[in-house]
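This briefing covers the interface, the salt bridges, the helices and the backbone geometry of the model shown below.

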Amino acid sequence: MKYASQAVAKPYFIFAIMLFVGQILFGLIIGMQYVIGDFLFPEIPFNVARMVHTNLLIVWLLFGFMGASYFLVPEESETELYSPLLAKILFWVFAAAGVATILGYLLVPYARLAEMTGNDLLPTMGREFLEQPTITKIGIVIVCLGFLFNIVMTVLKGRKTVVTMILIMGLAGLSLLFLFSFVNPDNLVLDKFYWWWVVHLWVEGVWELILASILAFILIKTTGVDREIIEKWLYVIIAMALITGIIGTGHHYFWIGTPEYWQLWGSIFSAMEPIPFFMMTVYAFNIYNQRKREHPNKAAVLWALGTSVMAFLGAGVWGFLHTLAPVNYYTHGTQITAAHGHMAFYGAYVMIVLAIISYAMPLIRGKAAANSNQAQVWEMWSFWLMTVSMVFITLFLTGAGILQTWLQRVSDTPMSFMATQDQLQIFYWLREIAGAVFLIGLVVYLISFFIKGDEEASA
Amino acid sequence: MTETQQNGTTIFKEVTIMSERFTKSMARNIFYGGSLFFVLVFLGMTLDTQRKLPKRDHRENITEQVAHGKRIWEENDCVGCHSLLGEGAYFAPELGNVYPRRGGPFIKAWMQAMPTNTPGRRQMPQFNLSEEELDAIVAFLKWTSEINTANWPPNKEG
């Protein structure tokens with residue numbers, strides 16, 4: 001670690017991992033409810049467990065992005081963080097707000113939570129992924145602004161690199177687009193139209209900037225390849241991400257009341273969305289093959305290369321599977337969407353956060369460059385356990401989705417939703433088993449932090 | 001070095017030469033120019049969509065009751081289990097077309113009868129909505145079913 005203030009990333013990373021554990025536990029609960037319908041009912045209804053599962057994901061990724069920024073921006077800018085104190089205060093504010101919100105979901109009925117938090121004054125609740133009480137949303141905005149201020153001030157007083165510029169654009173875009181979570185007109189079509197400005201333009205827009213810049217940072221650090229080359233291709237990748245992804249929003253505007261020309265434009269542009277992800281895979285492996293050194297942190301390199309492959313498969317290939325309007329007409333809102341969502345989030349965003357944690361944590365914890373080989377072996381086992389089980393989760397959900405589409409949508413004598421669900425049980429059981437293996441992988445990951453090993457790997 | 005590796009090296013050299021002519025500032029310009037261009041195109045399309053929407057969403061039919069129904073929909077997190085026009089959770093049936101599929105009285109009676117408490121079956125909570133609130137939910141679902149969704153879903157099962 002080159003600058004003392006980089007250490008403020010540590011609580012962000014630790015808390016992110018804690019929320020990650022919670023996310024997986026609630027994922028297993030809702031997975032179980034898919035096969036044993038009344039599991040934990042009425043104590044934890046499906047919708048509550050699901051919003052805990054998805055909201056924990058979003059929040060821990062945000063913690064991960066913030067930790068990543070606090071770690072890499074001082075190093076890139078070659079200066080201490082503008083205000084480590086502000087970073088620490090915002091950590092506690094965000095953590096407290098996050099915990100209070102999750103407890104609110106679990107302890108009181110959602111309608112009561114809406115009432116308690118004054119949802120009628122500025123109704124923003126009850127929309128997928130944006131279930132947070134309005135006051136929590138305001139808190140998120142404040143935390144993001146404080147965080148951005150801290151990062152921008154750091155960059156302004158130090159060296160400006162392409163990595164930090166793109167990271168800041170991504171983070172600023174994230175904060176700006178989140179403001180659309182406050183747009184909730186009575187007209188459902190408009191509500192949905194602008195809801196996607198948060199959801200789609202986050203994950204298939206500005207978050208890709210954050211992903212690409214963190215990946216570029218890790219590649220610069222671990223391969224020793226000339227920064228000029230890495231930054232040039234970074235520009236190309238994010239250019240393609242935005243060129244395809246912005247109009248690609250149209251793949252959400254097929255069937256929600258929006259004009260039918262979106263079917264054409266949404267199909268064309270979102271069919272090109274795999275391109276930047278494919279380029280990212282080629283980019284990561286090319287740079288790795290040109291490496292000027294063998295970095296002792298093999299686990300971090302594995303996560304970085306892994307994210308480039310899994311993001312391409314999850315976001316690119318599985319996104320393309322159902323993105324063309326004539327296909328999507330039948331698959332829209334089936335388990336195909338769930339399959340894509342799982343692998344895309346894991347591949348693109350979970351893995352990049354785990355990659356930067358893997359790279360940064362040993363340094364923050366005072367190691368020269370990496371954990372001991374023993375600790376890395378545990379970490380790499382967790383990589384394979386989690387990644388392979390996520391592949392299987394995706395395959396099983398895809399199987400469920402294909403059968404569901406056939407029985408409920410394509411067939412001449414379509415079955416009802418619930419009758420169809422009964423036919424999908426075997427896939428849901430297999431998915432739950434794969435989910436349990438994922439949890440084992442996560443436990444192995446946690447253990448890896450406590451493996452000492454007899455010898456420090458040298459830099 | 002195997003033949004494959006040699007071929008790989010040759011291709012790599014060619015790519016290197018190509019990539020040297022292609023400079024970082026060119027890449028940067030593609031990023032800024034391309035992104036800005038498509039942001040503007042997207043805003044233009046948004047404007048056009050805004051103009052065309054009234055004919056497709058029949059917003060003149062959004063009464064106070066429909067708006068109230070949407071709020072009840074949100075404040076009970078219905079989308080946490082159901083999908084609405086294909087968006088939401090996939091645990092319970094699509095409700096964008098539930099009004100033509102089941103009709104208003106059925107929807108109300110159904111919600112009042114929950115939960116079924118059938119062992120092993122998926123359970124819908126009892127939300128304890130008043131008669132007036134149930135009517136508002138039905139009005140909201142009726143209006144939603146009348147949105148022009150380009151013929152989605154493919155059949156009445158949603």
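Buried area is the accessible area (1.4 Å probe) that two parts lose on being put together, summed over both. By that definition, chain A and chain B bury about 6800 Å² between them, with 64% of it on carbon and sulfur atoms. The model is predicted: local features need pLDDT of at least 70 and side-chain atom pairs count only at pLDDT 80 or more, while totals for chains, interfaces and linings use all residues. Residues are numbered from 1 along each chain as its sequence is written, chains are lettered from A and ligands numbered from 1 in the order in which they are written, and side-chain values use heavy atoms, with hydrogens and water left out.

**Interface of chain A and chain B**

- Chain A puts 87 residues into the contact and chain B puts in 72 residues, where contact means heavy atoms within 4.5 Å.
- Between the two chains, 38 residue pairs are in polar contact, both residues being at pLDDT 80 or more. A polar contact is a pair of N or O atoms within 3.5 Å; within protein, one must be able to donate a hydrogen and the other to accept it, and residues adjacent in sequence count only if both atoms are side-chain atoms.
- Helix H8 (residues 227-248) of chain A gives the most to the side of chain A that touches chain B, contributing 12 residues. Helices (H or I, at least four residues) and strands (E, at least two) are DSSP runs, numbered from the N terminus.
- That side of chain A divides into 49 nonpolar, 23 polar and 15 charged residues. Here Ala, Val, Leu, Ile, Met, Phe, Trp, Tyr, Cys and Pro count as nonpolar, Asp, Glu, Lys and Arg as charged, and the others, Gly among them, as polar.
- Ala111(A), in helix H4 (residues 110-116) of chain A, is in contact with Glu75(B) and Asn76(B), leaving aside its neighbours within four places in sequence.

**Salt bridges**

- The structure holds 25 salt bridges over all chains, a salt bridge being a side-chain nitrogen of Lys or Arg within 4 Å of a carboxyl oxygen of Asp or Glu.
- Seven salt bridges cross the interface of chain A and chain B. One of the salt bridges in the model joins Glu231(A) to Lys24(B), at 2.6 Å from N to O.
- Arg127(A), Asp186(A), Asp191(A), Lys70(B), Arg71(B) and Glu74(B) form a network linked by salt bridges.
- Arg71(B) is buried at 18% relative accessible area, and Glu74(B) is buried at 1%. Buried means under 20% relative accessible area, exposed over 50%, and partly exposed in between (1.4 Å probe, protein chains only).
- Arg51(B) and Asp48(B) form a salt bridge whose closest N and O atoms are 3.8 Å apart; both residues belong to helix H2 (residues 24-57) of chain B. Arg51(B) is exposed at 62%, whereas Asp48(B) is buried at 18%.
- Arg291(A) and Glu294(A) meet in a salt bridge of 2.8 Å, N to O. Arg291(A) is partly exposed at 27% relative accessibility, and Glu294(A) is exposed at 56%.

- H8(A) is largely enclosed by the rest of the structure, because 18 of its 22 residues are buried.
- At 1.5 Å a residue, the 22 residues of H8(A) should span 32 Å, and its end C-alpha atoms are 30 Å apart, which agrees. The expected span is 1.5 Å times one less than the number of residues.
- Chain B has six helices and two strands, in the sequence order α-α-α-β-β-α-α-α.
- Of the 158 residues of chain B, 48% count as buried.

**Backbone geometry**

- Most residues other than glycine have a negative phi, and most peptide bonds are trans.
- The peptide bond from Phe41(A) to Pro42(A) is cis, with omega near 5 degrees. Pro42(A) sits in the loop between helix H1 (9-35) and helix H2 (46-77) of chain A.
- The peptide bond from Trp152(B) to Pro153(B) is also cis, with omega near -5 degrees. Pro153(B) is in the segment after helix H6 (131-145) of chain B.
- Glu78(A), which is not a glycine, has a positive phi of about 55 degrees and is partly exposed at 46%.
- Asn128(B), not a glycine either, has a positive phi of about 50 degrees and is exposed at 62%.
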